[in-house]
Amino acid sequence: RLGALLHALRTWQGPMSAAVLIRKKDDVALLRKALMSEPLFRRFLNFHLVFDKGTPYPVNPLRNVALDHALTSRIFLVDADFVPSDSMLAFREFMEHEETRHGN
């Protein structure tokens, strides 16, 4: 799913918080390799590792970890397969401009 996340980052070009489920040791090495090879991951993405404890449906804990560690005041919660549209990018840029203009 890192490919889908990268695709979303290329479109969004803004901060993201992502919790990644680690099921085996090799997953950490794979994630490290992806981080080192892709500048967008290093620039915009905060990865949070969640180690598998056998939870049958780990989506809720993953979501909570990503939310708890978001670095922005506004949060748009999506699944890793979601790719923001161009209009969402324009909206983000508008909101950033308005926050700067009003000193928020």
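Me: What share of the 104 residues in the chain is buried?
Reply: Buried residues make up 30% of them, where buried means under 20% relative accessible area, exposed means over 50% and partly exposed is in between, with a 1.4 Å probe and protein chains only. Keep in mind that this is a predicted model, where local features need pLDDT of at least 70, side-chain atom pairs count only at pLDDT 80 or more, and totals for chains, interfaces and linings use all residues. Residues are numbered from 1 along each chain as its sequence is written, and side-chain values use heavy atoms, with hydrogens and water left out.

Me: OK, how many helices and strands does the chain have?
Reply: There are 5 helices and 2 strands, and along the sequence they run α-β-α-α-β-α-α. Helices (H or I, at least four residues) and strands (E, at least two) are DSSP runs, numbered from the N terminus.

Me: And what box do the C-alpha atoms fill?
Reply: Roughly 45 × 30 × 20 Å, taken along the principal axes.

Me: What about contacts, how many of those with a separation of 6 or more come from residues 24 or more positions apart?
Reply: Such pairs account for 75% of them. A contact here is heavy atoms within 4.5 Å.

Me: Switching to the surface: what is the accessible area of the chain?
Reply: About 7,400 Å², and 57% of that belongs to carbon and sulfur atoms. The areas come from the Shrake-Rupley method with a 1.4 Å probe; for residues, only the protein chains shown count as cover.

Me: How many salt bridges does a search of the whole structure find?
Reply: It finds 4. The cut-off is a side-chain nitrogen of Lys or Arg within 4 Å of a carboxyl oxygen of Asp or Glu.

Me: Which residue does Glu38 pair with?
Reply: Glu38 pairs with Arg10, and their closest N and O atoms are 3.7 Å apart. This links distant parts of the chain, 28 residues apart: Glu38 is in the loop between helix H2 (25-37) and helix H3 (39-44), while Arg10 is in helix H1 (residues 2-12).

Me: Is Glu38 buried or exposed?
Reply: Glu38 is buried, at 14% relative accessible area, whereas Arg10 is partly exposed at 48%.

Me: Which residue meets Arg23 in a salt bridge?
Reply: That's Asp52, at 3.5 Å from N to O. This pair also links distant parts of the chain, 29 residues apart, with Arg23 in the loop between strand S1 (16-22) and H2, and Asp52 in the loop between strand S2 (45-51) and helix H4 (59-68). Arg23 is exposed, with a relative accessible area of 58%, and Asp52 is partly exposed at 33%.

Me: How about Glu98 and Arg101, where are they?
Reply: Both sit in helix H5 (residues 86-102), and because they are 3 residues apart there, about one helical turn separates them. Glu98 counts as buried at 17% relative accessibility, but Arg101 is exposed at 55%.

Me: Last topic, how many aromatic pairs does the structure hold?
Reply: It holds 1. The rings of Phe41 and Phe47 have centres 5.6 Å apart and planes at 65°, so they are edge-to-face. Rings of Phe, Tyr and Trp (its six-membered ring) pair if their centres lie within 6.5 Å, and planes under 30 degrees apart count as stacked, over 60 as edge-to-face and the rest as tilted.
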